[in-house]
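Student: I should like to learn how to read the features of a protein model, one at a time. May we begin with a single residue and its surroundings?

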Amino acid sequence: MLYDDNSNLTGEKTMARIVQLLTIGFRSMVLGVTALAFVSVMACGSEPAEPEPAAEAEEAEAAAEEASMDMTPGVFVIAPEEGSTVSSPVTMEFGHEHFTIEPITDPLTVHEGAGHHHIGLDTDCLPVGEIIPQASPWVHFGDGSNTIEMQLEPGPHRVCLQIGDGEHRTLEGMSAEVTFTVE
Ligand SMILES: [Cu+2]
């Protein structure tokens, strides 16, 4: 939050709100909800003072709208659940959003916004831009799959789920970790 203190920023606050309203109006128009946008802008324009609750509502609306338009690629562990206790063999399942999971090709080719899953057992995730080794503790899901059953020793485990592109190279923001216990 840029202006969350109560210092002498009233003017800037107002400007920020106007900019925010215009942004919301523009987004709504893009979405084809033109009428709603104008009503909201006009309503706020005719109210003289007392902008605080309205501003909060607008902020919430803006945040909600931003979340619904978030197209950031991501990867996550569906199973096992974080902190859970499971029995071996452990069923693991991985999910992704705004990204394409595809099998590797021969020869290897890199496609923008696409790649395949990898897991590293009881190891740290790799830095961005590194080639994921074709060796323990890493497993490549080069066929484009997203599940595996693994025989694991009893005790605590952690798994790094990490996407690699068509050349097994790690990508920015495309990893997730999970810790669980095998009984
Ligand atoms: Cu790979």
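Student: Which residues is Cys125 in contact with, leaving aside its neighbours within four places in sequence?

Tutor: A contact list of this kind shows what a residue meets beyond its own stretch of chain. In this predicted model, the partners of Cys125 are Gly120, Cys160, Gln162, Ser175 and Glu177. Cys125 itself belongs to the loop between S6 and S7. Val159 and Cys125 are separated by 34 residues in sequence, and their C-alpha atoms are 8.6 Å apart in space.

Student: Why does His118 count as buried?

Tutor: His118 counts as buried because it has 23 C-beta neighbours inside 10 Å. This histidine lies in strand S6. Leaving aside neighbours within four places in sequence, His118 is in contact with Ile132, Trp138, Val139, His140, Phe141, Gln162 and Gly164.

Student: Let us turn to the whole chain. How many helices and strands are there, and in what order do they run from the N terminus?

Tutor: The protein has three helices and ten strands. Their order from the N terminus is α-α-α-β-β-β-β-β-β-β-β-β-β.

Student: How many bridges join S9 to S10?

Tutor: Nine bridges join S9 to strand S10 (residues 170–182), and the two run antiparallel. Within this pairing, Arg158 stands opposite Thr179. The hairpin of S9 and S10 has five residues between the strands, and His168 takes a positive phi near 65° there.

Student: What is the order of the strands in the three-stranded sheet?

Tutor: The order is S1-S3-S8, in an open sheet with antiparallel pairing. Its edges are strand S1 (74–79) and strand S8 (147–150), each of which pairs on one side only. From one strand to the next, the twist averages 25°. Four bridges connect S8 with strand S3 (residues 90–97), and the bridge partner of Met92 in S8 is Ile148.

Student: Which residues make up the largest nonpolar core?

Tutor: In soluble globular proteins, nonpolar side chains tend to be buried together. The largest such core here has eleven residues: Val75, Met92, Phe94, Ile119, Val159, Cys160, Leu161, Ile163, Met174, Val178 and Phe180. S3, S9 and S10 are the elements that give two or more residues to it, and S9 gives the most, with four. Beyond four places in sequence, the contacts of Val75 include Phe94, Leu161, Ile163 and Met174. Over the protein as a whole, 15% of the 183 residues are buried.

Student: How much of the contact pattern joins residues 24 or more positions apart?

Tutor: Such pairs account for 65% of the contacts with a separation of 6 or more.

Student: Finally, where is the pLDDT below 50?

Tutor: Where pLDDT is low, the predicted coordinates should not be read in detail. The average for the protein is 80, and 71% of the residues score at least 70. Over residues 1–19, however, the pLDDT is below 50, and that stretch has eight contacts beyond near neighbours in sequence. Residues 21–47 also stay under 50, with 16 contacts beyond four places in sequence.

Notes: Residues numbered from 1 in each chain as written. Buried ≥ 20, exposed ≤ 12 C-beta atoms within 10 Å, placed from the backbone. Contact = placed C-beta atoms within 7 Å. Pairing = 2+ DSSP bridges. Axes fitted to C-alpha atoms, helices over the stretch in contact; angles between N-to-C directions. pLDDT = per-residue confidence, 0-100. Core = buried A, V, L, I, M, F, W, Y, C linked by C-beta atoms within 7 Å.
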